[in-house]
Amino acid sequence: MAIERTFSIIKPDATARNITGAVNALIEQAGLRIVAQKRIQMTRGQAETFYAVHSARPFFGELVDFMVSGPVVVQVLEGEGAIAKYRDVMGATDPSKAAEGTIRKVHAKSIGENTVHGSDAAETAAIEIAQFFSGNEIVG
Ligand code: GDP
């Protein structure tokens, strides 16, 4: 399988609880490498652009409010089949449906405050990485 890069966000529910290191430990234990990482306060505009695909959904306002409610850690993860692998490591969107040992099963509070984001495909990974990182900030 090819080496891929995927985009990850450790969301405000995790920074609020000071568990970014615990999340990173699960990422690294899965064999993914954190090749870029920074802690930022997302602007409302950034959050609306990032989640534009969900703009018609009833939870969109709540989602944007949540994403700007505190700092996030944006990351680029690298590894074999990193996109699908990270989706597995994250677990299902709704933590009550997430598999044992996944980040969301272990740490998420609810379907909204679910600790992490991970890209769902190669095309979205490239777009999402470019939204937050320039090439020289990613060191593999
Ligand atoms: P993901 O790819 O697993 O993150 O899930 P989606 O792309 O379907 O949804 C994006 C994000 O929107 C999720 O990670 C949640 O933070 C949020 N979200 C999804 N469904 C709901 C919902 O029913 N209520 C709320 N408040 N947020 C939701």
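Student: Which residues of helix α7 (residues 122–132) are buried?

Tutor: The buried residues of α7 are Ala125, Glu128, Ile129 and Phe132. Here buried means under 20% relative accessible area, exposed over 50% and partly exposed in between, with a 1.4 Å probe and protein chains only. Helices (H or I, at least four residues) and strands (E, at least two) are DSSP runs, numbered from the N terminus.

Student: What kind of model is this, and how are residues numbered?

Tutor: This is a predicted model, in which local features need pLDDT of at least 70 and side-chain atom pairs count only at pLDDT 80 or more, while totals for chains, interfaces and linings use all residues. Residues are numbered from 1 along each chain as its sequence is written, and side-chain values use heavy atoms, with hydrogens and water left out.

Student: Back to α7: where do its buried residues fall, seen down the axis?

Tutor: The buried residues, Ala125, Glu128, Ile129 and Phe132, fall within an arc of 100 degrees seen down the axis of α7, so they line one face of the helix. The arc is that of the directions from the helix axis to the C-beta atoms.

Student: Which exposed residues are on the face turned away from that side?

Tutor: That face of α7 carries Glu123, Ile127 and Ala130.

Student: And what do the buried residues of α7 pack against?

Tutor: They pack against β1, β2 (33–40), α3, β3, α5 (82–90) and β4. Contact means heavy atoms within 4.5 Å.

Student: How many helices and strands are there overall?

Tutor: The protein chain has seven helices and four strands. Along the sequence their pattern is β-α-α-β-α-α-β-α-α-β-α. The radius of gyration is 14 Å, close to the 14 Å that the globule rule gives for 140 residues, so the chain is as compact as a globular protein of that length. That radius is taken over C-alpha atoms, and the globule rule is 2.2 Å times the number of residues to the power 0.38.

Student: What does the C-alpha trace span, and what share of the residues is buried?

Tutor: The C-alpha trace spans about 40 × 35 × 25 Å along its principal axes. Of the 140 residues, 47% are buried. Among contacts between residues at least 6 apart in sequence, 77% join residues at least 24 apart.

Student: Changing topic, which residues of α4 are buried?

Tutor: In α4 (residues 60–67) they are Phe60, Leu63, Val64, Phe66 and Met67. These residues cover an arc of only 160 degrees around the axis, which puts them on the same side of α4. They pack against β1 (3–10), α1 (12–16), α3 (44–50) and β3 (72–80).

Student: What does Tyr51 touch?

Tutor: Not counting residues up to four places away in sequence, Tyr51 touches Lys11, Phe60, Leu63, Met67 and His117. Tyr51 is in the loop between α3 and α4, and counts as buried at 7% relative accessibility. The C-alpha atoms of Tyr51 and Met67 are 9.9 Å apart, with the two residues 16 apart in sequence.

Student: Which residues of α2 are buried?

Tutor: For α2 (residues 20–29) they are Thr20, Val23, Asn24, Leu26 and Ile27. Seen down the axis of α2, these fall within an arc of 155 degrees, so they line one face of the helix. Just after α2, Gly31 takes a positive phi of about 90 degrees.

Student: What is the phi of Asn18, and what is that of Thr115?

Tutor: Most residues other than glycine have a negative phi. Asn18 has a positive phi near 60 degrees, and Thr115 has a positive phi of about 75 degrees.

Student: Are those two buried or exposed?

Tutor: Asn18, in the loop between α1 and α2, is exposed with a relative accessible area of 69%. Thr115, in the loop between α6 (103–107) and β4 (116–118), counts as buried at 0% relative accessibility.

Student: Lastly, where is Gly140, and what does it contact?

Tutor: Gly140 is in the segment after α7 and counts as exposed at 72% relative accessibility. Leaving aside neighbours within four places in sequence, Gly140 is in contact with Arg5, Val35 and Glu78. Its C-alpha atom is separated by 33 Å from that of Asp65, 75 residues away along the chain.
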